[in-house]
Amino acid sequence: MPVFDSVTDPASPASAVSTAAVIEIPASASCFEIEGLSLAYGDTPALENLTLRVPRQRVTAFIGPSGCGKTTLLRALNRLHDLNDEVRRQGHIHLEGQEIHAPEVEVAELRRRVGMVFQTPNPFPMSIYENVAFGLRLQAPLKKRQRDEMIEWALRSAALWDEVKDRLHDSAWSLSGGQQQRLVIARTLAVEPEVLLLDEPASALDPISTLKIEELIRSLKSRLTLILVTHNMQQAARVSDYTAFLHAGELVEYAATDALFTNPRLAQTENYITGRMV
Amino acid sequence: MDITSETHSQHISKQFNHELEELKTHLMAMGGMVERQVQEAVSALLDGDSRLAERVRDNDKAVNDLQLKIDDECTRVLARRQPAASDLRLVLAVIRATSDLERIGDEASKIARNALALIEAGNGAKGFVEVRHISEHVRKMVRDALTAFARFDIDLALKVVHEDDAVDSEYTSAMRSLMTFMMEDPRSISSVLSVMWILRALERIGDHADNLAEYVIYLVKGLDIRHIDPDELDEDALKR
């Protein structure tokens, strides 16, 4: 449920863009603090001077038309752009107060803390058990019993345990699309992340599997911060506590989801969520 | 943000534009129908026209049917379109407005029934001046509220909200003078009571018009002012 309802005055210098309506999340309740973030692929700008805070243990949705930069922003949060030499970045991203680009930050550890789930389920070509064990094996060695417990816990957390407990050693490919996506989430949860980034996690799934994923997102927010990129506005409205609307690389409006979907402050947001010509 | 009737019809889906437009058109038709019911009920009383009174009484079913039809359309839009923001507010405002219009229709038929009783009794015209006066006032409120709805006009809606206080005080003073009539001439009690019921119905119509105006403010501004005293409204903020 939204707990912060003060919105900065659009005219106040505190807001990142003079015309944006951005909710002020207290620093103490924030997981990510993004400050003046700009990002370009070569000469093509993708994000322009974004400033926002993502609240801890809440679901925050990024919405906006294709090419608005929402996925770029999501990928910036666990430094997936590091793999692309063309990407140029300015500005800061703090995770729990620490700049994620600081030299002492290890990318592998950052990605353990900030897990990511993609649009298409991508289980590894191995058994269900081994998929979830994969990340654990990269960490400190565990006794088999401890590992089994962790795997059961991760699969239960991903609401998949009851469906797979009798066939843990079957190939992950034998699962349905929705089950595969929950397996991927279990694999991410097994290494106990603080944040889960979800990039269109249900867009390739049927409605029932979609609802299971949404239910899962809801149940996970008691211990994780979840950030969701989605094209499905009803999905953003259903599962998120806060919604950020991006357009052409800029943050247009960021507000409690209840407010944004019933009474957005800006015409641009209104036009987008109601399907009008922008 | 504020919406206007122009921006409201710019959905990419022309069919959706059409569906929302139909909702408004049907609401206006229902509004026109109940306003005529009120006008004819009062005319029937003032002119002693019992056939007109019967017609108003019998016409209430048509108003009820229209409410069901519009509610049904709203349900379909909600189910099929999952509207958001101002579209959602429009559908909710229409649902609420049909319920108030239907009750205005009920009040009109109440007036018609009391008019019939008065015409049959053949009793004098005590309180008719007040009835005429208040009925003109509340009919204008209903008309203005509907116009405000059609045009997304906040100023007109606020005017209606304030009018309701005037109607309430006119009603109170009319009741007081009718009470005096009853005390002076106990034989008039039964007919004066009928006139009082009519005044009461008119006063209720004013309340419903006030509700309609409040829905306009909800529709345009997203603010629910239903339980706020009109004198405490921050109108400058609403007009901004």
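## Close-up views of a predicted two-chain model

**View 1. The second largest pocket has a lining of nine nonpolar, seven polar and four charged residues.** Ala, Val, Leu, Ile, Met, Phe, Trp, Tyr, Cys and Pro count as nonpolar, Asp, Glu, Lys and Arg as charged, and the others, Gly among them, as polar. This is a predicted model: local features need pLDDT of at least 70, side-chain atom pairs count only at pLDDT 80 or more, and totals for chains, interfaces and linings use all residues. Residues are numbered from 1 along each chain as its sequence is written, chains are lettered from A in the order in which they are written, and side-chain values use heavy atoms, without hydrogens and water. Nearest the pocket centre lie A:Gln234, A:Ile273, B:Gln82, B:Pro83 and B:Ala84. H9(A) gives the most to the lining, four residues.

View 2. A:Asn263, A:Arg276 and A:Met277 supply 41% of the area that chain A buries against chain B. Buried area is the accessible area (1.4 Å probe) that two parts lose on being put together, summed over both. The two chains bury about 1300 Å² between them, 49% of it on carbon and sulfur atoms.

**View 3. One salt bridge crosses the interface of chain A and chain B.** The side chains of B:Asp87 and A:Arg276 form it, at 2.8 Å, N to O. The rule asks for a side-chain nitrogen of Lys or Arg within 4 Å of a carboxyl oxygen of Asp or Glu.

Conventions: On a 1 Å grid over the protein atoms alone, a cavity is a set of points where a 1.4 Å probe fits but cannot get out, and a pocket is an open set with protein on both sides within 12 Å along at least five of seven lines; lining residues have an atom within 4 Å of a point. Helices (H or I, at least four residues) and strands (E, at least two) are DSSP runs, numbered from the N terminus.
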